[in-house]
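Q: I am new to this structure and would like to learn how to read its features. Could we begin with the terms that describe a charged side chain?

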Amino acid sequence: MRAKSLIAALSLCGLAAACGDSTGERVVYGAGAGAAGAALLDANLVTGAAVGVAANLVYCEQNPRKC
């Protein structure tokens, strides 16, 4: 289980590195990162995608120069 969590964390970091230039891109990248993490952790994909979208939008709103 520990290896699976590590893989999920690294995948999310890689996907989060590409924040997107527009709100639409941020939604797509966030959903992809969240769903990928949820799939690796055997969690609900829809919930993971929703959390990923929210996290990416909030992060880019708070840190516009990093996105």
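Predicted model: local features only at pLDDT ≥ 70, side-chain atom pairs only at ≥ 80, totals over all residues.

A: A salt bridge is a side-chain nitrogen of Lys or Arg within 4 Å of a carboxyl oxygen of Asp or Glu. As for charge, Lys and Arg count as positive and Asp and Glu as negative, while His and the chain ends are not counted. A residue is called buried under 20% relative accessible area, exposed over 50%, and partly exposed in between (1.4 Å probe, protein chains only). In this structure, R26 is buried but forms no salt bridge.

Q: How is the confidence of the chain to be read?

A: The predictor's confidence in each residue is its pLDDT, from 0 to 100. The chain has a mean pLDDT of 81, and 75% of its residues reach 70 or more. Confidence is lowest in helix α1 (residues 2-16), with a mean of 64, and highest in α3, with 89.

Q: Which helices and strands does the chain have?

A: Helices (H or I, at least four residues) and strands (E, at least two) are DSSP runs, numbered from the N terminus. Here there are three helices and zero strands, in the order α-α-α along the sequence. R26 belongs to helix α2 (residues 23-40), while G52 lies in helix α3 (residues 45-62). N56 is also found in helix α3.

Q: Which residues does R26 touch?

A: Contact means heavy atoms within 4.5 Å. Not counting residues up to four places away in sequence, R26 touches C19, G20, D21, N56, L57, C60 and C67. With that same exclusion, N56 touches C19, R26, Y29 and G30.

Q: Why are N56 and G52 classed as buried?

A: N56 is classed as buried because its relative accessible area is 8%. G52 is likewise buried, because its value is 13%. Leaving aside neighbours within four places in sequence, G52 is in contact with G30, A31 and G34. The C-alpha atoms of G52 and V27 are separated by 8.2 Å, although the two residues stand 25 residues apart along the chain.

Q: What share of the chain is buried?

A: Buried residues make up 22% of the 67 residues.

Methods. Residues numbered from 1 in each chain as written. Heavy atoms only, no water.
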